Amino acid sequence: MDITVNILLTIATAATPLLIAAIGELVVERSGVLNLGVEGMMIMGAVGGFGAGYLTGSPWIGLLAAIALGAVFSLLFAVMTLSLATNQVATGLSLTLLGLGLSGMMGTSFVGQPGARLPNLDIPGLTAMPVIGRLLFGQDPIFYISIALTAAVMWFLFKTRTGLTLRSIGDSHTSAHALGIKVIRYRYLAVIFGGACAGLAGGHLSLVYTPQWVENMTAGRGWIALALVVFASWRPWRVLAGAYIFGAVWIGQLHAQAFGIPVPSQLLSSLPYLATIVVLVLISRNKRLTMMNTPASLGQPFVPDR
Amino acid sequence: MMRLELVKRPQRSMLFSALSPFIAFVLTIIAGAILFALLGVNPLKAFQIYFLEPVSQVWQLHELAIKAAPLILIGVGLSVCYRANIWNIGAEGQFILGGIVGSSIPVLFPQFEGPLVLPLMLLFGMVGGAAYAAIPALLKARFNTNEILTSLMLVYVAQLFLDWLVRGPWRDPKGFNFPQTIQFNDSAILPELMPASGRANWGFVFALVAAVLVWILMSRMLKGFEVRVLGSSPRAGRFAGFGIKRMVFFAFMLSGALAGLAGISEVSGAIGQLQPVISPGYGFAAIIVAFLGRLNPLGIVAAGLVLALTYLGGEAVQSALGISDKVARVFQGMLLFFVLGCDTLIHYRIRLIGLAAPTLEAAPKLEEAR
């Protein structure tokens, strides 16, 4: 029983950054913007979170720094694509490339240093309960944030007027603009929200998952988060399910490596990436489903006329 | 708070079309100066070390050509994809597969020597890269799967595959357990161009030839016209009878073959054996090269040289000033940012409008969602 609980806990830890980054990107894409810079914003969050936590000794300050850095970094993307109407694919790519370079530079002095780790929740009486105690009341704080965030985004997108407006912008920015909706303003906020989420996801990696700084430590998770949004056909609860499936794959291959299964470790390590491809193929085979759910103006630049 | 407003030009500005890469370069220099100043280095001194010293002697120009060759080869291929509005961002993986498949000849048949070896290796490299690029192409054409994500995922798979090969079945048995293959025999080494003055090899010539050929393809041949039509208006392309699926395969496999050629040229020319890592991110830097070169093969040659210089400069400031060579990646990223930003000037005029900050009043609503 204890082993099962431990495995479930590690799966949750592996799934949390994917979930947060994907939920953020989901909001961005629902507004009609495709930000391929998730990996870059995430790695900036990771280096910022680690750095601030390491320098101040407080992982909580690290957490805030991760969120702030992700948001500020996404602002670069917002200015380019929203105010200057640049190509979103290319700009997102350059955000990722810049993030990987900048984080590597900022992190040179952090390599090999012990970092601050966010403490797990510990509620006297509750956390010690058998089996469910640690699952429900003994995880890291970002886990709870990720669940709350998913619920909040679900509520926001489908139960509030602002959420409806945001979705309408994603489906037709020209119609929304004609109705007097401030398309660009909504999109700025969505992109910054997505950046803050990606930063938080990166912070989870360097403050909880492996409390240290390793270059390129996001290891493609930002891209997997992007794939999750497609996989989930832009629905928050499916992002949650997808993130946990991927968390399980990620942890499964690590355990398989530890057990010494006679398969090359590199093959096991490539499973999450191969699984991403398989999942994308399965979901995109169903053309009607994808067509119906994809925000119609996703990735198209919008320049308001006067 | 200021607000930007874009005003559409009646037609694209030829002036800014030509100037934009240069403006971007100047902006990168300014941002770079700020970066160096923040790092506590005199920017002028840093720039001298970064941009001038790496190209002050003849042998260094050879090094520049070695770095520029893969960037140009890959960038030229990617420009065809991007013109067709097909997003191959997995060139790094295609580069690696080209290196692997091409190297299979000297690694598996070390006794095989003679003038046939090298052409076969290069051919294998191109086939390897093209075949690997055919995977995302097939998935896109057959299942409509997003090629950006699949081609990128395959980069990680390729890196792990290479890692397995050089640590496992292809490891040099006499190599003291180092993760590397045997040294290639002499007939499997890409010859140097002018051994008297430096190390540059035939890879640079391949790059120039590829650039010219692709330029002819894009500007003088029907296929190039097809690429441009499908890229700017898929609907018009369909009416003209151009097949979008065939175009996906064509663009992916052409760019894959060129990336594969770059990979095997790098392995056989600059390295001489397979190692766990054979590319300092050429496949990604080439994306920048393609855009900096305006998706024009001849512009890409110039852009490839500029990006090669950022690599050399990164190494130079690391050894001279103790700054991380990651600074090269930062320069490359900034360059792409500024190019994309300046490209806006081709289609739009930018007006600044003074305004009280209106963007903040909607903020609490998003706050609630958190």
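## A loop residue in chain B

Asn85(B) sits in the loop that links helix H3 (58-83) and helix H4 (91-108) of chain B. (Helices here are DSSP runs of H or I with at least four residues, strands are E runs of at least two, and both are numbered from the N terminus.) Asn85(B) has a positive phi of about 60 degrees, although it is not a glycine. It counts as partly exposed because 17 other C-beta atoms lie within 10 Å; the scheme calls a residue buried at 20 or more such atoms within 10 Å, exposed at 12 or fewer, and partly exposed in between, with C-beta atoms placed from the backbone.

A word on ground rules: this is a predicted model, where local features need pLDDT of at least 70 and side-chain atom pairs count only at pLDDT 80 or more, while totals for chains, interfaces and linings use all residues. Residues are numbered from 1 along each chain as its sequence is written, and chains are lettered from A and ligands numbered from 1 in the order in which they are written.

Contact here means that the C-beta atoms of two residues, placed from the backbone, lie within 7 Å. Gly231(B) belongs to helix H8 (residues 222-232) of chain B. With 19 other C-beta atoms within 10 Å, Gly231(B) is partly exposed. For a sense of distance, take Gly231(B) and Lys174(B): they are 57 residues apart in sequence, and their C-alpha atoms are 51 Å apart in space.

## Another positive phi, in chain A

Over in chain A, Ala85(A) lies in the loop between H3 and helix H4 (88-106). Its phi is near 55 degrees, a positive value in a residue other than glycine. Ala85(A) is buried, with 20 other C-beta atoms within 10 Å.

Ala85(A) follows H3(A). That helix has 25 residues and reaches 35 Å from its first C-alpha to its last, close to the 36 Å expected at 1.5 Å a residue (the expected span being 1.5 Å times one less than the number of residues). H3(A) is mostly covered, with 18 of its 25 residues buried.

In chain A, the axes of H3 (residues 59-83) and H9 (residues 183-209) come within 6 Å and cross at roughly 145 degrees. (Axes are lines fitted to C-alpha atoms, for helices over the stretch in contact, and angles run from 0 to 180 degrees between N-to-C directions.) H3(A) passes H9(A) in a right-handed crossing; that label applies if the near helix is turned clockwise from the far one by less than a right angle, and left-handed if anticlockwise. The residues of this contact divide into 19 nonpolar, eight polar and one charged. In these classes, Ala, Val, Leu, Ile, Met, Phe, Trp, Tyr, Cys and Pro are nonpolar, Asp, Glu, Lys and Arg are charged, and the others, Gly among them, are polar.

In chain B, H5(B) and H10 (residues 244-271) also have axes that come within 6 Å and cross at roughly 145 degrees. H5(B) passes H10(B) in a right-handed crossing. Their contact has 18 nonpolar, eight polar and two charged residues.

Chain A has 14 helices and zero strands. Its 306 residues would give a compact globule a radius of gyration near 19 Å, and chain A agrees at 19 Å. (The radius is taken over C-alpha atoms, and the globule rule is 2.2 Å times the number of residues to the power 0.38.) Along the principal axes, the C-alpha atoms of chain A fill a box of roughly 60 × 45 × 45 Å, and 56% of the residues count as buried. Of the contacts in chain A with a separation of 6 or more, 79% are between residues 24 or more positions apart.

Chain B has 14 helices and two strands. A compact globule of 370 residues would come out near 21 Å, and chain B agrees at 22 Å. Its C-alpha trace spans about 75 × 60 × 50 Å along the principal axes. In chain B, 50% of the 370 residues count as buried.

## Where the chains meet

The contact between the chains takes 47 residues from chain B and 48 residues from chain A. On the chain B side, the elements that each supply at least two residues include strand E1 (2-8), helix H5 (117-143) and helix H13 (327-347). H13(B) gives the largest share of that side, twelve residues. By class, the chain B side has 29 nonpolar, eleven polar and seven charged residues.
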